[in-house]
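Colleague: Could you walk me through how to read this model? I would like the general idea for each feature, then the case at hand.

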Amino acid sequence: MSSYTQIKLDIADGIATVTLNRPEKMNAFTRVMMDEFIHAMDVTDADDSVRAVIVTGSGDRAFCAGADLTPEGGGHVFSDPNPVEDLSDERVRDGGGRLTLRLFNSQKPLIGACNGVAVGVGATMQLPFDIRLCSDNARFGFVFARRGITPEAASSWFLPRLVGLQTALEWCMTGRIFDAAEAKERGLVRSVHPQGELMQAAIGIAREIADNTSAVSVAMTRAMLWRLSPLEHPMMAHRIDSRAIYRLSRSADAREGVASFLEKRTPAYPDTVSANMPDFYPWWDEPGFE
């Protein structure tokens, strides 16, 4: 995919920025946008120069106003228009979920800079981000019950882990719109910023990661925290983190981490995600759609 039509991807100084780019439609979500966003994640994962990814929307009104309810050429809005006999058919799969599962599997940290309205899939696509910031004019809404459908994008898995079951139930059952202050109070975002300062704040976090950490350590840490924390017993985590410490402690990055600390200098980590992930990674079997 040599060029994008509904997103922009910019890579500079170790930071990739994905911008949802349909400002005339408040960056409303389409299948084209889904495909392009997933492709951008493939690009950033494969590029060892990328140390963090920032996701934002074009303009200062909306991050993403949800699914495009008036798609070009008409057609079915929320799902594939083709009838199927078997609900395990790939055509049944929700587009928002295809995207969030790809985001979940990112090897680079994801930072959301929500610059305005984020409702429906505009809110749920942010849930797999590792760090979420928003502008003071941001508005959020898990509005599915007000459209006659249900939460999508695997948000029934992500949202309670971020804000707790009670808040997730309230937001999803009422479908009401809430403001940036409530999003921060309930833990959906870590901070609220004036519109003109939002991207600089996101870049500051990305730079903190890019300038000071091992790419392999961050990729492993991201996978471990997302995948191990929901398991039924801490022994499951102990098995993996023991293996991770054993392997990574013998790495070139670990040697550089210790040397740079003792020498009081900025580290220059040599290992890369493409070549130096530990030999047991990935340790999980990726489930299919059944």
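**Reading the model**

Modeller: Helices (H or I, at least four residues) and strands (E, at least two) are DSSP runs, numbered from the N terminus. This is a predicted model, where local features need pLDDT of at least 70 and side-chain atom pairs count only at pLDDT 80 or more, while totals for chains, interfaces and linings use all residues. Residues are numbered from 1 along each chain as its sequence is written, and side-chain values use heavy atoms, with hydrogens and water left out.

Colleague: Is Thr17 buried or exposed?

Modeller: Buried means under 20% relative accessible area, exposed over 50%, and partly exposed in between, with a 1.4 Å probe and protein chains only. Thr17 has a relative accessible area of 17%, so Thr17 is buried.

Colleague: Which residues is Thr17 in contact with, leaving aside neighbours within four places in sequence?

Modeller: Contact means heavy atoms within 4.5 Å. With those neighbours set aside, Thr17 is in contact with Lys8, Leu9, Asp10, Ile54, Thr56 and Met199.

Colleague: And where is Ser58 found?

Modeller: Ser58 is in the loop between β3 (52–57) and β4 (62–64). Ser58 is buried too, with a relative accessible area of 16%. Not counting residues up to four places away in sequence, Ser58 touches Thr19, Leu20, Asn21, Pro23, Asn27 and Asn115. The C-alpha atoms of Ser58 and Arg22 are separated by 7.0 Å, although these residues are 36 apart along the chain.

Colleague: Now the rings, please. How many aromatic pairs does a search of the whole structure find?

Modeller: A pair of aromatic rings is described by the distance of the centres and the angle of the planes. Rings of Phe, Tyr and Trp (its six-membered ring) pair if their centres lie within 6.5 Å; planes under 30 degrees apart count as stacked, over 60 as edge-to-face and the rest as tilted. The search of the whole structure finds 14 aromatic pairs. One of them is Tyr281 with Trp283, edge-to-face at 6.4 Å centre to centre and 65° between the planes.

Colleague: Why is the pair of Trp283 and Trp284 edge-to-face?

Modeller: Their planes are at 85°, with the ring centres 4.7 Å apart, so the pair is edge-to-face. Elsewhere, ring pairs link Phe104, Trp157, Phe158 and Trp226 into a cluster.

Colleague: Which charged end sits over the ring of Trp284?

Modeller: A charge sits over a ring if NZ of Lys or CZ of Arg is within 6 Å of the ring centre and within 35 degrees of the ring normal. Here the charged end of Arg227 is over Trp284, 3.7 Å from the ring centre. Arg161 lies over the face of Trp157, at 3.9 Å from the ring centre.

Colleague: How is the protein divided into domains?

Modeller: Domain bounds come from an automatic or database domain assignment. Domain 1 covers 7–209 and domain 2 covers 213–289. Their C-alpha centres lie 26 Å apart, and 26 residues of domain 1 are in contact with 16 residues of domain 2.

Colleague: What about the protein as a whole?

Modeller: The protein has eleven helices and ten strands. Of its 290 residues, 44% count as buried.
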